[in-house]
Amino acid sequence: MEKKVIKSERLGEQYTYVKHPTGLDIYLWKMEGRSTTYALFGTKYGSINNKFKTKDEADFVTVPNGIAHFLEHKLFENEDCDVFSLYAKTGASANAYTSFDKTCYLFSCTDNVYDSLEILLSFVQNPYFTEETVQKEQGIIGQEIRMYDDDANWRVFFNMLQGMYLNHPVKIDIAGTVESIAEIDADLLYKCYNTFYNLNNMVLSIAGNIDEDKVLELCDKLLKNKGNPELETAFEPEPDTVCQREVVQKLEVALPIFNIGFKAEPPETAIETVRAEIETNFVLSLIANDTSDFYKKLYDEGLINSSFSSEVFLGDGYFCSIFGGESRDPRLVRDRIIAEIERCKKEGLDRERFETVKKAYYGGLIRDYNRAEPIATMLLNMAMTGNLSPFDVIETVAAVTFEDVSARLEKQFDTEKVTLSIIEPVRGEGEQA
Amino acid sequence: MAIKYNREKIGDGIYYSSVTDGFQKTNNIYINFITELSEDTAALNAVISSIISGSSREYPTMTSLKRRLAELYSAFVKGSVTKMGDSQLVTLEVGCINDRYALDGEAVTEEAVKILAGCLTDPHIENGAFYEKDFELKKQELIDDIEAEINEKRSFAFKRANASIYKDEPAALSAMGEKSRAEKITAKEAYDQYKKLIRTARVEIAFSGASDMPVCKEIMKDAFDRIGRDYTGGSTSSLSAVKDKVCRVTERYDIAQSKMVMAFKTDFQDDIAMRLMSAVYGALPTSKLFMNVREKLSLCYYCSSGYNNNKGVLYVDSGVEQANIGKAEAEILSQLEAVKHGDFTDEEIENARKARVNSVKGTNDSAAHVAVWYFQEIYDGKERSPEEYIDRLMRITREDIIAAANSLKLDTVYVLTGKETD
């Protein structure tokens, strides 16, 4: 068993990385004297991984949309009981989530941490699906999908992705559709489970008042080595343009809600991905955060309100920068952002604010180290990005230069590759229901 | 290291709490003004919280204030209004990193708290009113925010349900107030109300961080000394009376999934027993509602209960297909009947109890969470520590749970739904 202590001088913090003989990557962050322990057991398997092959298959297979999320729901059911009822005996608060590129099972507890960990490690490794239980879940997930149909912030985001991407499955809703989940059966669930829920493809991350030896003892006892299926995932080639420049939908909202996305090439390596994300965040802050002149102008004109924000959205095979918020005139906001980006390319970014943006970035990262939950989550996320450490993020931020950020502006913001998504109100302003 | 909590009076109707845990990498201070929720002042207070948190005499524009805060490692000043029972809380808050993480050794916390004090006592004004241009933008933003409540359907259903559940009580109002009132506010009226609020309302200030910083208390004390107080008493909540006849309201919007909020009222005194009852009945993924309405009947993705102890109201909220609303209501009622009749196992009680203990103990994970815990306790006039709460929780019996359930009477069934279908 390979064991390493990773330290940050800057933070005065450390954690332990263990490569378990079964292939599992384990991250343990001891927080002595704290009340809560937070544990995550996750697989690099999300909604985008709908095309894959293993060493046992000659060709790639494609599975129905929403199956990773469906599988997450179904793993909560054992042969004889519901997993929640097992956790009920330890008092832990348990949950799970599926994103674009990962599925994670988690618990948070103040007592009986090893009993809870035993439950977590056991149920995730013991699937049980029948046609009957699959059918029941179709009703529940159907209601989850319907709930998101009414969620304007969710819709505006997915509509933008659908406008931006022609082939990449990131454009598909994580839960799939009522139609796609109707195609799911027990056999398909087992196939996906056996492919992606392999310990070589998984991460365990725990932060809290834990005894490392006890955790590893439990791992030795419970982790099952099923061999490495040599998993490969694939995506259709994605063209270097956006699919649609504008997507509009009407919903019950007050003001129009918008997402404006700039499509860019995804970086090749893990560390390059982290750099690209950080430097692009610098660009977004310099151009349009609430300390910028540009933000002030738009705000004073009443074109945006304090809901205006920006973010970098990235993963396996996709990378874009998104500006979002509410506005009476989203098309004008888009035009102004494009003009500002072109101006910055010509005249340069605001060098005076660079050090301030860096300090603010650093301060924001420090906040994440207060509690077990964000710490365990960061460990898992960085591990899944490519065996990186959250400390790499802090050090990368500290090392970023103004020149790095300026180069990123040129590279990541092509004003020809823009998709605007708008959710318009079903009623005109002031009109009553 | 154990949590340290201390609360003291530092002025007329002003209390200062300090919660420290030796761990936090950030420091926070919030100032809560506790005032009666009223149709006349709700929107006024909402716009005030947003103006004074957005600028001050020293930092007269949003941009200058935000830039200074960004230099302090993304410190923030936040203003908000929330509802607690029949009261409106007007909150002004500052947060920043602990000084030991500052790269150049700056006194970040002291500087950030001084900025907060400046926002509180020295707003950007002209001619005896808030600075007009800022005011107009903030007012429009408030109106937009009130209208945007419809964007989040689950919370919007709650807002609309509250109007019926608490008819003719302050709790019927939304924390941000009504649009029609917001539209009439002037910069002068808002400034006058601001002066009144900070002079007369009850104030609870809380510091949370790794270790106590007496300088923060001194800055706060000085600020309120400068204000000059004329304290007129606190705001409290009263239990909501159950209606003679169940109130049924259906409202139609252009939505896919219907939302149902059911409210049950009680004058039961033991809030700890009632919350444990709610855990058996509907607050958890092992509760009767989740196991039956969701897992067995597949009717909902969410269907859960919660308890507002300030008003004595237990509510159940769910998202359901229009065609299944009747079925869901019948099952929600039948599961409550089961609890009333003691139709639950000792294991169900112990499971619910463990989950409650886990949740209360988890508060100790962060000094900031403990500060919020004590604020809620103080508002209720109780000031129990998490440990005292757990001590009582361990002694709740099956009979207490049954008694709690039997005290509940159905008061309101509110449904937010789409266009009529066959």
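## Basis

This is a predicted model: local features need pLDDT of at least 70, side-chain atom pairs count only at pLDDT 80 or more, and totals for chains, interfaces and linings use all residues. Residues are numbered from 1 along each chain as its sequence is written, chains are lettered from A and ligands numbered from 1 in the order written, and side-chain values use heavy atoms, leaving out hydrogens and water.

## Interface

Chain B puts 68 residues in contact with 68 residues of chain A (contact: heavy atoms within 4.5 Å). About 6000 Å² is buried between them, with carbon and sulfur atoms giving 51% (buried area: accessible area, 1.4 Å probe, lost on being put together, summed over both parts). In chain B, K25(B), Y301(B) and D365(B) lose the most area to chain A, together 12% of what that side buries.

The two chains share 12 salt bridges (side-chain nitrogen of Lys or Arg within 4 Å of a carboxyl oxygen of Asp or Glu). K66(B) forms a salt bridge with D290(A), the closest N and O atoms being 3.6 Å apart.

## Cores

The largest nonpolar core has 136 residues (buried Ala, Val, Leu, Ile, Met, Phe, Trp, Tyr and Cys joined through side-chain atoms within 4.5 Å; buried is under 20% relative accessible area, 1.4 Å probe, protein chains only). F33(B) and I205(B) have the most contacts inside it. A second, separate core of 56 residues includes F70(A) and V124(A).

## Sheet

In chain A, an open sheet of 3 strands runs β6-β5-β10, with antiparallel pairing (strands: DSSP E runs of at least two residues, numbered from the N terminus; pairing: at least two DSSP bridges). β6 (61–62) and β10 (232–233) of chain A each have a single partner strand, so one side of each lacks a neighbour in the sheet. K53(A) has E232(A) as its bridge partner in β10(A).

Key
Buried means under 20% relative accessible area, exposed over 50%, partly exposed in between (1.4 Å probe, protein chains only). Helices (H or I, at least four residues) and strands (E, at least two) are DSSP runs, numbered from the N terminus. Buried area is the accessible area (1.4 Å probe) that two parts lose on being put together, summed over both.
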